[in-house]
Amino acid sequence: MTNPESANENLKSSRRVALVIQYLGTHFHGWQRQNGQRTVQEEIEKVLAAIEHRPVTLYGAGRTDAGVHAAAQVAHFETTGSIPPEKWATVLNTQLPKDILVLASAEVNSRWHARFSASWRRYRYTIYTDRQPNLFVRPFAWHYYYAPLDATQMQAALNPLIGKHDLTAFHRSNSGRAHSWVEVQEVQCVRANGCNSKNSEGSFIHIEIQANGFLYGMVRLLVGLLVQVGKGERSPAEFTQLWVNQRRNEVKYAAPANGLCLLRVGYPEFPFPPEVWFDNQPKFTFWQPTSQF
């Protein structure tokens, strides 16, 4: 039987530690712990448990799907050990697998929560449009070269999403969420120059969406439909009417997971400086040679 006084003493001595985490999603079945699957949460929890000599639960800011990357996921856990909070990043990195990296750690107060204290999350989706394949780009971008994509039209389609809307059209089934309302705060679709690209505008399209929260499968479904706008198969107005009228049956294709990255998470109170978490996924832009040498 547990001694109440001992339990109270452990509670008093526990500290809450926040982490900023990067991971390559390629070989993970998502963030959330799942039986029989390799997940980011479980890999970190195993290391925490070995250090603390007890089960430890890690709470994340959001659940990324299988194959999705994170440049600055945020999580927290409770510790009763003697390791200083700011040293946890170094300690964890010595034992974590190579496709997970803890960028920083810090103590937060007991009311701070990685998920519930967050004001927003921001995702970036990268599309590579050059016909020439590139092995170094493949893990982080959707190689789409079958038709030209008009980034200006794609941006026009994104703009009406700003605000609070019911986005049932971009909500996959099997979600435990009771509703599909999302407050979208920012949207962006821009081109960047690419390696040896014949397209003067550039061969990478970066799509960024910031919202208070995201539905299960939302960004990948949205990008899959957005590509139809870029190809000219749908107008921006048709794109808008589809989600306004919640025509989920017409959203049939999700963009591949490898192009998606959880870019960052925002908090009213955050113990980390911007250089740790703000923009840690490098954008693909390459120098354009003017001559052979």
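**View 1. Surroundings of D65 in the predicted model.** D65 touches G30, R172, Y216, G217 and R220, when residues up to four places away in sequence are not counted, and contact here means heavy atoms within 4.5 Å. D65 lies in the loop between β2 and β3, where helices (H or I, at least four residues) and strands (E, at least two) are DSSP runs numbered from the N terminus. An unreviewed UniProt entry lists D65 under "active site", and such annotations may be inferred rather than shown by experiment. Residues are numbered from 1 along each chain as its sequence is written. Because this is a predicted model, local features need pLDDT of at least 70 and side-chain atom pairs count only at pLDDT 80 or more, whereas totals for chains, interfaces and linings use all residues, and side-chain values use heavy atoms, with hydrogens and water left out.

**View 2. The largest pocket.** A pocket is an open set of points on a 1 Å grid over the protein atoms alone, where a 1.4 Å probe fits and protein lies on both sides within 12 Å along at least five of seven lines; its lining residues have an atom within 4 Å of a point. The largest pocket holds about 1100 Å³ of space, a volume being the space filled by probe spheres set on the points. Of its 40 lining residues, Q32, G62, R63, T64 and F214 lie nearest the centre. The helix α5 gives the most to this lining, with 3 residues, and at least three lining residues come from each of domain 1 (15-107) and domain 2 (120-268), whose bounds come from an automatic or database assignment.

**View 3. The second largest pocket.** The second largest pocket has a volume of about 300 Å³. Its lining has 17 residues, and L24, F140, N280, Q281 and P282 lie nearest its centre. β1 (15-23), β3 (69-79) and β4 (100-108) are the elements that give two or more residues to this lining, and β3 gives the most, with 3.

**View 4. Residues 4-11 and the confidence of the model.** The protein chain averages a pLDDT of 91, and 89% of the residues score at least 70, on a scale of the predictor's confidence in each residue from 0 to 100. Over residues 4-11, pLDDT stays under 50, and the model has 2 contacts beyond four places in sequence for them.
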